[in-house]
Amino acid sequence: MDFFFYPSSVAVFGSFKKSAIAYEILKNIVEGGFKGEIIPVNPKGGEVEIAGRKLKISKKLEKDVDVAIIAIPAKLVPSLIEEIGEKVKGAVVISAGFSEIGNAELERELVEKAREKGVRIIGPNCAGIFGVHAEFFGSFEVRVKKGGLALISQSGAFGGAALAMGNEEGIGFSAFVSYGNAADLTESDFLRYFADDENTKVIALYIEGVKDGKKFVEALKYATSKKPVIILKAGKSKSGSKAAQSHTGSLAGSYEIYKGVFMQFGAIEVEEMEELFDAAKIFEMYESGGKRIGIITNSGGPGVLATDKAEKLGLEIAKLEEETIEELKKFLPPQCSTKNPVDLIADADYERYKKAIEVVCKDKNVDSLLVICVPPIFMPSEEIAKAIIDAKCDKPIVVNFMAGELVKEGVKLLNAHGFKNFSTPERAAKALYWLSLRRAFKEQRE
């Protein structure tokens, strides 16, 4: 499926009046910096100008292209596929009006025409695709920065909201695909594809239900053997299941069955969008981590909150070796706590944080570290960020900088050096829990 996510040419079909869907997709492709050939197609012909660039609108597709993006009335799509089938490898059908509104016959016709011509279909009733490393933004959703997360979404609106939220969270994406009704290519095909895509480090999947359970189970087993897979499953309740069925025409099925499959293959199931991005952030940083954690903080309260959450999730608050405690006592003021959580107290500076991280990191009872900072107004957060960046530690470090504006510069510095911030102690603890699940799954496989 490289031709979808790394295309060298694209044709866009639809209306190119401002604010029309085809126009917005064309605009995204041009403004996103796509280097390949771009052909707008509409029977009326004419010209369209985007970002100072004039593009001739072809009355019909004359050349071969990798991908066709189609945003025309649903009833016209099957005949268009028949017409252009020998000139395209894949088609992204944005158009709605198929099985999601009970028009299953039209959807069947679309798939039949595509199969006759050897064309793969994404959609219909979808929001399009991104191949971020190819600077290809074949969707009307917000553009994102390059990174390692491939987002597969059954819902176009969810996908769009998730992309926008990912931008706010500082997430980098390798790809995005909204697959809508999954008439041809399904979540299972994309799981397999991104499992082998070298630019994808983590796969995130939003599903309401799947049509072919056996195919999904095999694809999930394959994908989780290669890289972390994060899943947000909607339609868990009876009412939610009915809503999912009417939304995309999928079979939502029993949630308990899905849950069992996720657990069996080590997929990371999350409960909400915020968690999806927290999981994406942690797996962009680390592959896995152990259950025994060391907590370093400059404030007792957040340290206690992190401890409570960690223990509730089944993590262990590591018992520090006597040697570690003695080493900490050598440089920490007497009012500091040298037990785990290690409390460096409010005036902790660069040196105190850096040394504490290095000492606790060496402890053989510690698998991962959670470093918390609530800076007083006299201590620049960048100083503590620099301590974390400079500390010599070969174990996962998860960071929780709290206090909004006060930590803004420190968080920016951490991000620049590959450390993602988790804005509460509980979110940071949960990130460590997901790392431990991945470690347990890998050990089980071995």
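Predicted model: local features only at pLDDT ≥ 70, side-chain atom pairs only at ≥ 80, totals over all residues.
Trainee: Where is Asp 367 placed?

Mentor: Asp 367 is in a loop. That loop runs between helix 13 (350–362) and strand 18 (368–373).

Trainee: Is Asp 367 buried or exposed?

Mentor: Buried. Its relative accessibility is 18%, and the cut-off for buried is under 20%.

Trainee: What does the side chain of Asp 367 reach?

Mentor: The backbone nitrogen of Lys 291, at 3.3 Å.

Trainee: Which residues is Asp 367 in contact with, leaving aside neighbours within four places in sequence?

Mentor: Gly 290, Lys 291 and Arg 292, plus Lys 395 and Pro 396.

Trainee: On to rings. How many aromatic pairs does the structure hold?

Mentor: Twelve. One of them is Phe 3 with Phe 4, with ring centres 4.8 Å apart.

Trainee: Why does the pair of Phe 3 and Phe 4 count as tilted?

Mentor: Because the planes are at 40°. Stacked needs under 30 degrees, and edge-to-face needs over 60. Phe 3 and Phe 4 are both buried.

Trainee: And what about Phe 130 and Phe 176?

Mentor: Their centres are 5.5 Å apart and their planes are at 65°, so that pair is edge-to-face. The pair links distant parts of the chain. Phe 130 is in strand 8 (residues 128–131), Phe 176 is in strand 11 (residues 173–178), and the two are 46 residues apart.

Trainee: Are Phe 130 and Phe 176 buried or exposed?

Mentor: Phe 130 and Phe 176 are both buried.

Trainee: Which residues do ring pairs link into a cluster?

Mentor: Phe 3, Phe 4 and Phe 5 are in it, with Tyr 179, Phe 190, Tyr 193 and Phe 194.

Trainee: Which ring does the charged end of Arg 192 sit over?

Mentor: The ring of Tyr 222, at 5.0 Å from its centre. There is also a lysine case: Lys 233 lies over the face of Tyr 258, 4.7 Å from the ring centre.

Trainee: Switching to helices. How do helix 11 and helix 16 cross?

Mentor: Helix 11 (residues 300–313) and helix 16 (residues 425–445) have axes that come within 8 Å. They cross at roughly 35°.

Trainee: Right-handed or left-handed?

Mentor: Helix 11 passes helix 16 in a right-handed crossing.

Trainee: Which residues make the contact?

Mentor: From helix 11, Pro 302, Leu 305, Ala 306, Lys 309, Ala 310 and Leu 313. From helix 16, Pro 425, Glu 426, Ala 429, Lys 430 and Tyr 433.

How values were computed
Residues numbered from 1 in each chain as written. Heavy atoms only, no water. Helix = DSSP H or I, 4+ residues; strand = E, 2+ residues; numbered from the N terminus. Buried < 20%, exposed > 50% of the residue type's maximum accessible area, 1.4 Å probe, protein only. Polar contact = N/O pair within 3.5 Å; in protein donor to acceptor, adjacent residues only side chain to side chain. Contact = heavy atoms within 4.5 Å. Phe/Tyr/Trp six-rings, centres within 6.5 Å; stacked < 30°, edge-to-face > 60°. Lys NZ or Arg CZ within 6 Å of the ring centre and 35° of its normal. Axes fitted to C-alpha atoms, helices over the stretch in contact; angles between N-to-C directions. Left-handed = near helix turned anticlockwise from the far one by under 90°.
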